[in-house]
Amino acid sequence: MTKHFNIVLTGFMGTGKTAVGKVVSERLGRYFIDMDTIIEQRAARPISAIFDEDGERVFRQMEAELCRELAGERDIVIATGGGALLSGENLGAMAQSGVVICLNAEPAEIVERLRDASDRPLLASLDREKRIVSLLLERAEAYREVPYQIDTSGLGVAEVAEQVIRLFRDITSSPVRIPVTTPGGSYDILVRDGLLAETGHLMREAGIRPGACMVVTNPEIGAAHARILVAGLEEAGYAPAVVEIPEGEIHKTLDTVATLYDRFLERGLDRQSPVIALGGGVVGDVAGFAGATYLRGVPLVQIPTSLLAMVDSSVGGKTGVDMPQGKNLVGAFKQPELVVIDPEVLATLPPAEFRSGLGEVVKHGIIGAPALFEMLEGNGFFWGPSSLGDLVADAVRVKVAVVEADPFEGGRRAVLNLGHTFGHALEVVSDYQLRHGEAVGIGLAAAVRLAARLELCDSSLIGRIEDVLCRLGLPIRFQGSTPEQIIAAMATDKKRVGQQLRFVLPRAIGDVDLFDDVPEADVRAVLDEILR
């Protein structure tokens, strides 16, 4: 995954950000962007003129806008202006997109490097050396906030570039680790290509006792991935057995769970024996529920193999099975000991299933990741999807932030149901022939239309969300049902509050809220629009 993170070089003027960035980009085959150059091109005048004519405040606003834009890019090398990341907001945006490295140097060397510089408006002073030292002192604390530092004193451009590349590779060779805090403790979500084979060792690092364990999967996923997983488990000292359950939502039932109990007993699993869910959402939910209830709970490891499961069902501790009357009506909260996400397994995922997962990615962008949503919109320099690992990690972070704040669905966690009140009803009336992510996509289109109808958001948001869904190959309309059938299916939704349906509706990208008092007439009007 190393090639998919941005490399962001920041630091005081004269530390070599632009020169080093150009060499790094050439050696790694990446596009190079100098923020000051981009700002000058867009303003059609040099930075010194912007300072003279508009003032530093306007220039900093331009920097902030560009930081937000570049945070949605991937595979690039960025040289920032010396003051661009003094803002914590700007630094946070850049850090989310890649590795930020601060270049620094001894004050005397910076003074020497800048002795003849004529394009530095902040150095317009009779005593340039005193001004440089003063600015360094002002910015020292902000520069220290950057986690990775390289001292360029006495080094040539090529030497610094080599240090940047080496540091970047050291940082990004480790998995992306997303810690999750729960009421009972914590666990890690690990994301990196190739992690499936390392699962056994990762489980030992997480404190899961070696010995008997059970891998729950389905025939197709088992054929593609179980061998690699089992070999790694055995190498780490585990004794795995594999049990396969039928694929499909129609098998997400208590009868399937009962067959797992029998296999657990046959294998002799005790309360310390881990259950490992290798599969998509159905496998994760069924194996998770079985693990939560067998012997009142055994260790659970989630290894999602679909994009949908990676960004949604494997995170947050919700497990369950369906009843004829609706989805997930029987379930339990069961936090995993570990979640292992290996984006390489998505190579075997059918395209339609991958698109289905993108429905949840869009949802997460709307809820709490505007940069992710804007990347999916295709705005910016080099849209094209980011690496799967980056895409997954960005979406997962949204869900983690929500579930940490509300682990047992006491309130705020309900925002994760954006698009689901409509979506789950659509799944039911389609007899689950509509994929979950497809139903969520239609549900998102319905939710934004309902929000606009209630004057909660600008009507332009309808076009933005529907355009992204269409761009990703997701449906925004449904044929073959009536508003009455959808409303009847909604009546069994477990998200209702008493007799009232609960809707999650967007006010803007990154701003959603819960609404319990939506008039049925408005719901019917929206259904009339999407059921065609």
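Analyst: Let's begin with a definition: accessible areas come from the Shrake-Rupley method with a 1.4 Å probe, and for residues only the protein chains shown count as cover. The accessible surface of the chain comes to about 22,000 Å², and 49% of that belongs to carbon and sulfur atoms. Please keep in mind that this is a predicted model, where local features need pLDDT of at least 70 and side-chain atom pairs count only at pLDDT 80 or more, while totals for chains, interfaces and linings use all residues. Residues are numbered from 1 along each chain as its sequence is written, and side-chain values use heavy atoms, with hydrogens and water left out.

Now let's go inside. Of the 532 residues of the chain, 55% count as buried (buried means under 20% relative accessible area, exposed over 50%, partly exposed in between, with a 1.4 Å probe and protein chains only). A nonpolar core is a set of buried Ala, Val, Leu, Ile, Met, Phe, Trp, Tyr and Cys residues joined through side-chain atoms within 4.5 Å. The largest one here has 116 residues, and Val164 and Ile189 touch the most other members. Helix 18 (residues 436–453) gives this core its largest share, 11 residues; helices (H or I, at least four residues) and strands (E, at least two) are DSSP runs, numbered from the N terminus.

Leaving aside residues up to four places away in sequence, Val164 touches Ile7, Leu9, Val20, Val24, Ile101, Leu103 and Ile150, where contact means heavy atoms within 4.5 Å. A second, separate core has 32 residues, among them Ile39, Ala43, Phe51 and Ile132.

What about the rings? The whole structure holds 3 aromatic pairs. Rings of Phe, Tyr and Trp (its six-membered ring) pair if their centres lie within 6.5 Å; planes under 30 degrees apart count as stacked, over 60 as edge-to-face and the rest as tilted. Phe264 and Tyr294 pair edge-to-face, 5.2 Å centre to centre with 75° between the planes. Phe264 sits in helix 11 (residues 254–267), and Tyr294 in the loop between helix 12 (281–293) and strand 11 (300–304), 30 residues apart. Phe264 counts as buried because its relative accessibility is 0%, and Tyr294 is buried at 6%.

Another pair, Phe422 with Phe503, is tilted: 5.3 Å centre to centre, 45° between the planes. Phe422 lies in helix 17 (residues 420–429) and Phe503 in strand 15 (residues 503–508), so this pair ties together parts 81 residues apart in sequence. Phe422 is buried at 2%, and Phe503 is buried at 3%.
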